[in-house]
Amino acid sequence: MTTATAQPSTAAKSGKQVIACQQLTKTFRDFWLRDRARAVDAITFEVRTGEIFGLLGPNGSGKSTTIKMLLGLLRPTRGRIAVFGKPPTDVGVKKRIGYLPEESYLYGFLNAEETLDYYGKLFEIDPGTRKRRIGELLEMVGLTHVAHRPVRDYSKGMQRRIGLAQALINDPDLLILDEPTTGLDPIGTRQVKDLIIELGRRGKTVLLSSHLLADVEDVVDRMVILYGGRIRDEGTAESLLTDTGHTTIETDALDEETLAEIDRLIRERTSGANGVRRVARPRQKLEQLFLNIVERAQRERLETSGALHGGETASFLKADETEPTRSGDALIEDLMTSDEQIEPAEVEPEADQPDQPAERASELIADLVEGEAEPPNAAAPEPEAGDPSRPPEPEPIDNTGVDDDVIGSLLADEDEDGRR
Amino acid sequence: MRLADRIRAADRAQKSRTFKLIASAVVALLVLAAFATYAIAITSSSNDPVTAVLGELTAEDLESENVRAVADILRSSTPVATGAVAAGVLLLVILAWVWLGLGLTFLVLALASTLVVGPLVYFDATRGFGLILAGILALTTSFVALLEGLRMILGFSSPVCAVARNVLAEGVRMKLSVVFIVMLIVGLAALPGLLDGEQFLRYRIQSFMQFGIGGVFWLLAILTVFFGVATVAREQRDKIIWQTMTKPVAAWQYVLGKWVGVSGLAAVLMLVSSAGIFLFVNHLRSLPADGELAPYQAVGSGAVSNDRLILETRVLAARRVVNSRLPTPFDYEHPDFQTRLENEILERRRTQNERFATTEAEYLEFREELLKELIARYRSIEPGENEAFFFDGLQQAKADNRPLTLSMRIDVRGNNAPDVFYRVTVLPGWQDRVAIQRQMGAGVIQNFTISPSAIDDEGVLRIEVINGQPRFGPQGQGFIATFNQNAIGLPDEAFVVAYDVGDWRLNFMRGVFALWVKLSMLAMIAIFAGTFLSFPVASLVAFGVLFVAELSGFLGKAEDYYGYNDYEGNLQLYKFIGTSSAMLMHWLFRGYSELKPTENIVQGLMLPWLAIARQVALLGVATVVFYALAVFSMRRRELAIYSGQ
């Protein structure tokens, strides 16, 4: 699996209904049939084809219970559920679903290869395809070198990885991930996010639940926020997350004089109502630091008995394996767009860069004020300062070793969809 | 090249098609050459003791029915034919290993085993240990090969096969089941060492089969129950089932897969164990019996020792059992009985109660009591008295000219003391009868050899039993009769004749199959319990069912011995509940308890396919019922639980 710029897929909002829940309620009862807990309370939502949908909320908010009802592991007390238009207990429906539970519940006596083989057989996948997919998935989750070790000997993170692989063995149309990043290291977390985005691009539907909001906020298209078994808020990621009351301008490092100039300019333009509230030097994220360290260690060929940095997304999960052949013109257009778009990914993280000269800073200010000058990187789309509808830029990521095809196709989609 | 690389290369080689083809050809040629050498050696000389003994039998020897019987049995299994069967089986086993991709693995194992076991067996001090080790290695390798074969058969991409295959993997990797498998293999390998070499050969063989087959069945029954419960209940407890049941697996497929896996493991273990028992019994058979100088060579030329005779005709046999018929047909429809019944009722109305047996229920109850009483009265012989009994349908025994065995137990009402002996005379046949006189302990079965010449042309054998010993005294003392103090009873189930009708090897196979059918039903019961109960509770329930099923024959006697009423005839609630429950259990599991393959094999009694088919059908229906219950339980059950706060 490669790391790539996280970007939500564009949900086909007019797509077919994949999941429909109406007034879904689940009350757990004790031995004497007295109500013990109402885990889910009359929630209604739907998920459509190609959406990446988030069920968010704190522990005990009803996320896992909802998912278990969607999978037929629990029966609703009231309300209706349809998955692909059928009850969740329908065996035919389950052929199209991949499920990763909140913890990996695996047969400890099987090794990774046997585990995937077992689940592949449950889907009646033919031996050739099964063998190929097992190899690709093990490569993707970085467990090829420990494929013959019993799963009981795996660390929690490694078990999560094999759990993820088993959820993908059938190339599911609907992937249900319950707390997918729990127990994973930052690399694994990044890979899961990339995978979700990749699947979204392919038109697959993904439903994920999490209480680690930072892990999913840059992935989901639409979400519901649960608390106490009820939906407290719902909407697209943009509508729920965009803070329309503030504007952030990010530039290279500026000196005090320039900052004062900017403040003066803003006050002048807003008749003194607004000004620069806070100036800070951004810190590199811990996640990025971690990724860089691991990357360096792997370049130095340090051995590990745990999971390796995962490989490329399994080809059977990638768009190019199963998408219908596109016209030559479209491909050329994609390729051209991709070439243009690759450049921003090569920008070094800000923390690694030396301070910029004051002259260049002055030019930048002038650009901002006049709105005419070229941005530092001509290929990057010009952000419109003050446009509240735009979501925040994704964090820059070290793309060393990134598969160009994946990034290219990702960026191509960005361009086509006109997002970010 | 490192050792690990060499091993990997060898493994790749033994899995290649070319290797398998070449190895198959080489093995086939070797086995064929070995068999040809053996056959030539046997037919060209008197190397085989059996052939030698048969060749030495004179016309005078063959006048004896016993000698003829044993000679017939020995002739029916010629060494060349036996050798051909053994060579065929050996070839199949080796080919199975080769085509499972384990040819070189087993070759290396066999060589290593020979190197280790050979020196151990060579020295007297370590011979016993060496033989046990050899037995363990042989059983283990056979088990592995058979298991791999079954796994290969279950290699299809389907939920049922996948679940079943997974159960097999679980069976050999889960501590719980591995403990039982090890106990089984080590126990079976060590069992021959526990036999008493001073015992009669027939007893040694019977003991080995009794403990071997019985022990294997009980170990496998416990394993099946524990493992069947564990594979389902633990999967639910550990939530592993979530990931299976969220795949396209229907409840019926899941339960069926589990059952196929558990009963498949039981089948493999049963097959390996029974093959081991069978081969060792054949080895024991080739040892000298009591009264023999060498195998099949009795002391005194040409004669057959009593130990050998009983072994060949009663133990390693498949005998048909015939129950006795009373001369008067005791049944409800017989005019004599109806007259007797009417007279008895009239008599009681006159002397006891004028409304006696006026209701339908009372009438039927009295009719049954009277019939039982009349039969019991006939089967009870007063001191000095005699009664005749008949055994029908013995045409085949007469035609085959093989001796029959009369198995007989006497019961003395209220005095079945083991230290009191009774004099009994048995007179078989219709004319020129030769009396057989014995002293018998009450409640103990004794066997009498009966000549087939005692059977008449209609295939009926008449046997007269006298309570006492009338005989002519020595030196013209005249007729002396010694009678017992008490009446003796001859219960129907313990007064039978039996004769050999089939091959004991096939009988052995049928018995093993019947035992496996029992285990399969237990597996389904265990799986059913595991679908809705926790592991300890489900194990308890499944074991309860196992014991009730095993004891259901005994429970069926509750009505006779315990009843529903007190001494005054009043219905007692606790008795009603106890007896009704026992009778219900008996009714439910009668098919299970009536099938006693171990007893049949040990006693050399025939297990006809028809009888097995009937019992198997009964057990099959029970298995299907439990299967349906398990599927229902799985469909109704919520597999997930509340995980909130």
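**Strands, helices and a chain contact**

Visitor: Which residue of strand 14 of chain B is the bridge partner of B:Val322?
Guide: B:Val497 is the partner of B:Val322 there. This is a predicted model, in which local features need pLDDT of at least 70 and side-chain atom pairs count only at pLDDT 80 or more, while totals for chains, interfaces and linings use all residues. Residues are numbered from 1 along each chain as its sequence is written, with chains lettered from A and ligands numbered from 1 in the order in which they are written.

Visitor: How many bridges join strand 3 to strand 14 of chain B?
Guide: Six, and the two strands run antiparallel; strand 14 covers residues 495-502. Strands (E, at least two residues) and helices (H or I, at least four) are DSSP runs numbered from the N terminus, and two strands pair if DSSP finds at least two bridges between them.

Visitor: What sheet do these strands of chain B belong to, and in what order?
Guide: An open sheet of four strands with antiparallel pairing, ordered 3-14-6-9. Strand 3 (318-323) and strand 9 (445-450) of chain B are the edges; each has a single partner strand, so one side of each lacks a neighbour in the sheet. On average, neighbouring strands of this sheet are turned by 30 degrees against each other, direction ignored. Axes here are lines fitted to C-alpha atoms, for helices over the stretch in contact, and angles between N-to-C directions run from 0 to 180 degrees.

Visitor: And strand 7 of chain B, how many bridges to strand 8?
Guide: Six bridges join strand 7 (421-428) to strand 8 (436-441) of chain B, antiparallel. In strand 8 of chain B, B:Met440 is the bridge partner of B:Tyr422. Strand 7 of chain B also pairs with strand 10 (461-467) of chain B over five bridges, again in the antiparallel sense. There, B:Val424 has B:Asn467 as its bridge partner.

Visitor: Change of topic. Where is the kink in helix 18 of chain B?
Guide: The kink is centred on B:Ala549 and is about 40 degrees. The bend at a residue is the angle between axes fitted to the seven residues ending there and the seven starting there. Helix 18 of chain B (535-555) has 21 residues and reaches 28 Å from first C-alpha to last, close to the 30 Å expected. The expected span is 1.5 Å times one less than the number of residues.

Visitor: Which residues of helix 18 of chain B are buried?
Guide: Among them are B:Ala538, B:Ala542, B:Leu546 and B:Ala549. Buried means that 20 or more other C-beta atoms lie within 10 Å of the residue's own; with 12 or fewer a residue is exposed, and in between partly exposed, C-beta atoms being placed from the backbone. The cover over the buried residues of helix 18 of chain B includes helix 10 (201-237), helix 17 (504-532), helix 19 (558-561) and helix 20 (573-594) of chain B.

Visitor: How many residues of helix 17 of chain B are buried?
Guide: 24 of 29, so helix 17 of chain B is mostly covered. Its end C-alpha atoms are 43 Å apart, which agrees with the 42 Å that 29 residues should span.

Visitor: On to chain A. How many helices and strands?
Guide: Chain A has 14 helices and nine strands. Of its 420 residues, 38% are buried.

Visitor: What is the strand order in the six-stranded sheet of chain A?
Guide: The order is 5-6-7-3-8-9; the sheet is open and the pairing mixed. Strand 5 and strand 9 (230-236) of chain A stand at the edges with a single partner strand each, so each has one side without a neighbour in the sheet. Neighbouring strands of this sheet are turned by 15 degrees on average, direction ignored.

Visitor: Which strands of chain A does helix 5 of chain A lie across?
Guide: Strand 5 and strand 6 of chain A; helix 5 of chain A runs at about 170 degrees to strand 5. Helix 6 of chain A packs on the sheet too, touching strand 3, strand 6 and strand 7 (205-210) of chain A.

Visitor: How enclosed is helix 5 of chain A?
Guide: Eleven of its 13 residues are buried, so helix 5 of chain A is largely enclosed by the rest of the structure. What covers its buried residues includes helix 3 (112-122) and helix 4 (127-140) of chain A, and helix 11 of chain B.

Visitor: How many residues does each chain give to the contact?
Guide: Chain B gives 28 residues and chain A gives 33; two residues are in contact if their C-beta atoms, placed from the backbone, lie within 7 Å. Helix 8 of chain B gives the most to chain B's side, with seven residues.
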